[in-house]
Amino acid sequence: MVPSTRPKLSIQEVSKRFQGSRGEVHALDRVSLDVEEGEFVCLVGPSGCGKSTLLNLIAGLERPDEGRILMGERPVVAPGPDRMVMFQESALFPWLDVMDNVLFGLKRKEKLPAIELRHLGLEFLRLVGLERCAHAAVHELSGGMKQRVALARALAPNPRMLLMDEPFAALDAMTREQLYGDLQRIWQEHKKTIVFVTHNVREAVCLGDRVVLFSPHPGRIREQFRIDLPRPRDINDVHLAEHATLITQALRNHAQPGTPGTSPALPLSPERTREPAALNPGWSPALPEKA
Amino acid sequence: MKRFLHAVVFFLALAVAWELCVRARVWPKVLLPSPLKVAEFIGSSVADGTLLSASWVTLKRLLLGYVAGIVLGVPLGLLCARFRVAQDTLGTMALGLQTLPSVCWAPLALLWFGQTEWAVFFITFMGSLWSISLAVESGVRNVPPIYQRAARTMGSRGLHTWIFVALPAALPFIVSGMKQGWAFAWRSLMAAEIYVTILTGFGLGHLLHYGRELNAMEQVIGIMLLIVGIGLLVDRLLFMPWERFMHKRWGLSG
């Protein structure tokens, strides 16, 4: 919102390990990534590639084992009102009605008179097309409506950044397509920075300015693609499909022999030397890559 | 309305069947008085005030024991849900004592407190405390962790998370725990009043007890009916609003 400060998210050499039931899981291995103010970045990769872990680290829900994450100049050490999260399940609170759900984060951020709160709440509900459901119970909403409310709830405290963890994965195709349109519109109107995690390449190409490809075991960034298609984008667009096909191929190339999820024992050290492919159309060499 | 009619018709039929049994002299009249006799007893003792004052004494005791059970049981449950150490120590104790039928506290309470209000209070309190604590504990433990994570990203932490997220999220469990606690308190109190003869107040349990001593069967049955009635009434007044709220919000069937 304030162009003079121009803060950006900077992820520097971040590693994260978890103690799993079958030994240590190397979720992220020295991952570096910069996100510009107002950029829409999609993190794509097979399950276990650490993309959700990275999102949790940016959110401040977890801390990195090594490396650091900066929002502007300040290191991320905890959740903050500048970063709101949307989860795969809506995580709406069933004991509150739709309006109070939307206001939950806003109330935590600042003390406002009740009338103003209502007013703001309605405004954000209108933004996602649900102003008529302000007093509905959460269980009365469909999956798509729940995610719309979750989006309104995340937008209400006016964060700089939205962190979205496969928010549309559990929805049917029709609902998803509508939400792609709405999300692009809201992103353009409100100039948010969005980091969006998905395993759906087409979704990533449809939404992102940039698609960041991850590979698992350990989680690393493999390649990045700049998507310059005009907006608003339609998921069924032919050019979009072409881009998606290219990226899907790249995703396959990075995957190990066999399915990525089932061969964790294979060493990845030879892969490490491979540079991001330069042959992809739309790839912008100006993008920061890890040194 | 239709459901209400069903209930009315059912209980009327029950009373008629009862009256028929009495008329047919299936059991001696001393053992099974006519429903009209029972109604007559209830009517006259309502009129002379014994029933009301006894109900009042009993409800006062119940409320004291039950509220004390909640006041201690809820924090105890939260403690057990939050700290592993508390779960392993206090939680285990709660689980053990909850299995103890509350009437088993009566001999101990009599020896500790004598025939006093305290003995009655203690039995009622012990009867409700553990089940409330266990329900709160399992309720909070069953809250999906995603709620707390979501709340944290929105700037909720510490006490705020407990009061505005963990507790309301556990509400369905807590209410069913309260309901169970209430049932236990009610049972314990009746046991206490039948066992502990004290002079500071004449409760429903005492009336029941003296009905037996005097062989006044219409009194025994009348008081039993009243106890059932109070149980139903409290269930409606105390728990129905919560259950309605949960039905509306969670979509649970109460």
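Q: What joins strand S1 (residues 9-20) of chain A to S2(A), and in which direction do the two run?
A: In this predicted model, S1(A) and S2(A) run antiparallel and are joined by nine bridges. Two strands pair if there are at least two bridges between them, so S1(A) and S2(A) with nine bridges count as paired.

Q: Why do strand S2 (23-35) and strand S5 (74-75) of chain A stand at the edges?
A: The sheet is an open one of four strands in the order S2-S1-S4-S5 of chain A, with antiparallel pairing. S2(A) and S5(A) each have a single partner strand, so each has one side without a neighbour in the sheet.

Q: What is the order of the open sheet of six strands in chain A, and which pairing does it have?
A: The order is S6-S7-S8-S3-S9-S10 of chain A, and the pairing is mixed. S6 and S10 of chain A are the edge strands, as each pairs on one side only. On average, neighbouring strands of this sheet are turned by 20 degrees against each other, direction ignored.

Q: How do strand S3 (residues 40-44) of chain A and S9(A) run, and how many bridges join them?
A: S3(A) and S9(A) run parallel and are joined by four bridges. Here A:Cys42 stands opposite A:Val211 in S9(A).

Q: In which sense do strand S9 (residues 210-215) of chain A and S10(A) pair?
A: S9(A) and S10(A) pair in the antiparallel sense, over six bridges. A:Leu213 stands opposite A:Glu223 in S10(A). The hairpin of S9(A) and S10(A) has four residues between the strands, and A:His217 takes a positive phi near 55 degrees there.

Q: Why is strand S10 (residues 220-226) of chain A called largely enclosed by the rest of the structure?
A: Five of the seven residues of S10(A) are buried, so the strand is largely enclosed. For chain A as a whole, buried residues make up 41% of the 291 residues.

Q: Why are the buried residues of H7(B) said to line one face of the helix?
A: The buried residues in helix H7 (residues 145-153) of chain B are B:Tyr147, B:Ala150, B:Ala151 and B:Thr153. Seen down the axis of H7(B), they fall within an arc of 160 degrees, so they line one face. Their cover includes helix H1 (51-59) and S6 of chain A together with helix H8 (159-169) of chain B. H7(B) is followed by B:Gly155, which has a positive phi near 90 degrees.

Q: What makes H2(B) roughly perpendicular to H11(B)?
A: The axes of helix H2 (residues 35-47) and helix H11 (residues 217-250) of chain B cross at roughly 70 degrees and come within 9 Å. Angles of 65 to 115 degrees count as roughly perpendicular, so H2(B) is roughly perpendicular to H11(B). The contact is made by B:Lys37, B:Val38, B:Phe41 and B:Ile42 of H2(B) and by B:Glu218, B:Gln219, B:Ile221, B:Gly222 and B:Leu225 of H11(B). These residues divide into five nonpolar, two polar and two charged.

Q: Is B:Ser55 partly exposed or buried, and how do you know?
A: B:Ser55 has 19 other C-beta atoms within 10 Å. A buried residue has 20 or more and an exposed one 12 or fewer, so B:Ser55 is partly exposed. The place of B:Ser55 is in helix H3 (residues 50-82) of chain B. Leaving aside neighbours within four places in sequence, B:Ser55 is in contact with B:Leu204 and B:Ile230.

Notes:
Residues are numbered from 1 along each chain as its sequence is written. Chains are lettered from A and ligands numbered from 1 in the order in which they are written. This is a predicted model: local features need pLDDT of at least 70, side-chain atom pairs count only at pLDDT 80 or more; totals for chains, interfaces and linings use all residues. Axes are lines fitted to C-alpha atoms, for helices over the stretch in contact, and angles run from 0 to 180 degrees between N-to-C directions. Angles under 35 degrees count as roughly parallel, over 145 as roughly antiparallel, 65 to 115 as roughly perpendicular and the rest as oblique. Two residues are in contact if their C-beta atoms, placed from the backbone, lie within 7 Å. Ala, Val, Leu, Ile, Met, Phe, Trp, Tyr, Cys and Pro count as nonpolar, Asp, Glu, Lys and Arg as charged, and the others, Gly among them, as polar. The arc is that of the directions from the helix axis to the C-beta atoms.
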